[in-house]
Amino acid sequence: MESGVILWADDEIDLLKPHILFLRDKGYEVLTTNNGDEAIDLLKTRPFDIVFLDENMPGLSGIETLSLIKKSYPNLPVIMITKSEEEHIMEDAIGSSISDYLIKPVNPKQILLSVKKNLDNKRLISEKTTHAYQQQFRNIGMEISGRLNHSEWTEVYKNLVFWELGLEKSQDAGIVEVMLQQKDEANQVFCKFVENNYLDWVNGRSNDKPVQSHTLMKEKVFPLITNGQPLFMILIDNMRYDQWKILQPIFEQYYRVERDEMYYSILPTTTQYARNTLFAGLLPSEIEKKYPKYWVNEDEEGTKNQFEGELLGEQMKRFGKDVKYSYTKILNLTAGRKLVETLPNLMGNKFNVIVYNFVDMLSHARTEMEVIRELADDEPAYRSLTLSWFEHSPLLDIIKFLSDKKVNIVLTTDHGSVRVNNPVKVIGDRNTNTNLRYKIGRSLNYDKKEVFEIKNPVDALLPRSTMSSSFIFCRRDEFFAYPNNYNYYVNYYRNTFQHGGLSMEEMMVPVIYLKAK
């Protein structure tokens, strides 16, 4: 049996007795009135779950009653029922935040459907999603255990994100745990796949290599630069695919998603390596060799990404993109607001790049600030905080402006992040870098089984600051911890979002093509 308390206000309420008996038979409690004034009084006497409201009543009209209800009970679902099909009445009702709109004559099943849609939709969607995932669980498991290529892996990851987002509000905690375990299993197999293929990819020895950081502009962006409207490329630093999916509905108010694709970030999956590589169109050791003044090594002083605009310019020259362009990096709210004001000045360029640095700051702040940890305690909360930022950021104003100008956008990122939980012990000297997901150094001490090791950085086209330096990377949800002060270190960094290593979340990142509506 269903449950819920319904208030039904209609000046012909006696004629609706069969409908009311039908609802009561289904387990709903129904209270009735034939006017708006009494409906308002009844709402003060007890809680109601939903209101059915006739549009045409003597005294207070349905629209007037609706307005009063919403002032006092803004979240109470109200279903408007009317004989009229006049458009202005529908618009008035919809503008007053009704939950549904029915035209008389209505039948009992219509009423029941509307009740279920508004009272039980979350439960029904949760049950349906849970059942659907249970049916798909075996298929996903078989895919993971197969010999997947790079494009098949992106489809598996997209599928897992789809179920993760679909199940995050599920009332069945058990099925959510099963899904997260399956995602972790996928990450284990994905890491082996990357380790077996990565050196072949970056050295051009594989016929089945993905688009990576250093080929993204050439393969996915430069072909879109034309003599027509300007093209904007917006790079949101450290944006994972699941974060894009929760932002997508807002983008779709202004843009049509033409292609939803992914590319693979290089290792280390950090801004210094991945983003410099993206804008240079070259791998790190190639940048160091070809443009030494634009590359800052780990052990050198100075900002590691201060020459991205120059590297972009050099890459455009190499590929014959002789067009007017701009590069803008947004590091704070003030800079974002200033860019909104100056956007008209960029419309004369054929290509404009905007790097927006909020999500990366959010992940760092979550590690360092207790209040942010509490606001983003888990994956759904972290996504929610990303969404809240975007809804109130200058970046949304930028999107609206570009949509009005019918300007197309390539939306992407440089790498993602992963929530870490499991420590891996490592010993290094004082010159070892501080990143929790990868280490570079001369005298690293570690268990080879616990890391992905690149003994000779040259093999991966990574800079080698000393002759004996090597790179090691964490997999899945692991992070490096030093034996001294081990417990404090582990407790501080566990359940934080980090990047630099191997995982689906860090390496497979979105590149989205948006066409203005």
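Visitor: How many helices and strands are there in the protein?

Guide: This is a predicted model, in which local features need pLDDT of at least 70 and side-chain atom pairs count only at pLDDT 80 or more, while totals for chains, interfaces and linings use all residues. Residues are numbered from 1 along each chain as its sequence is written, and side-chain values use heavy atoms, with hydrogens and water left out. Helices (H or I, at least four residues) and strands (E, at least two) are DSSP runs, numbered from the N terminus. Counted in this way, the protein has 19 helices and 18 strands.

Visitor: What percentage of the 517 residues counts as buried?

Guide: Along the principal axes, the C-alpha atoms fill a box of roughly 90 × 55 × 40 Å. Buried means under 20% relative accessible area, exposed over 50% and partly exposed in between (1.4 Å probe, protein chains only). Of the 517 residues, the buried share is 53%.

Visitor: Within what arc do the buried residues of α2 fall?

Guide: Helix α2 spans residues 36–43, and its buried residues are G36, A39, I40, L42 and L43. Directions are taken from the helix axis to the C-beta atoms. Seen down the axis, these buried residues line one face of α2, because they fall within an arc of 160°.

Visitor: Which residues of α3 are exposed on the side away from its buried face?

Guide: The buried residues of α3 are G62, T65, L66, I69 and K70. Seen down the axis, they fall within an arc of 130°, so they line one face of the helix. On the other side of α3, the exposed residues are K71 and S72.

Visitor: Which residue's side chain is joined to K104 by a polar contact of 2.9 Å?

Guide: K104 lies in the loop between β5 (100–103) and α5 (108–145), and counts as buried at 18% relative accessibility. A polar contact is a pair of N or O atoms within 3.5 Å; within protein, one must be able to donate a hydrogen and the other to accept it, and residues adjacent in sequence count only if both atoms are side-chain atoms. A polar contact of 3.4 Å joins the side chains of K104 and D54. The polar contact of 2.9 Å joins the side chain of K104 to that of D10.

Visitor: How far apart in space are N187 and L502, C-alpha to C-alpha?

Guide: N187 is found in helix α7 and is buried, with a relative accessible area of 4%. Not counting residues up to four places away in sequence, N187 touches R476, S503, M504 and E505. N187 and L502 are 315 residues apart in sequence, and their C-alpha distance in space is 8.7 Å.

Visitor: Which element gives the largest share of the lining of the second largest pocket?

Guide: On a 1 Å grid over the protein atoms alone, a pocket is an open set of points where a 1.4 Å probe fits, with protein on both sides within 12 Å along at least five of seven lines, and lining residues have an atom within 4 Å of a point. The second largest pocket is lined by 14 residues, of which L180, D184, R419, N421 and D477 lie nearest its centre. Two or more lining residues come from each of α7 (173–202) and β11 (418–420). The largest share, six residues, comes from α7.

Terms used: Contact means heavy atoms within 4.5 Å.
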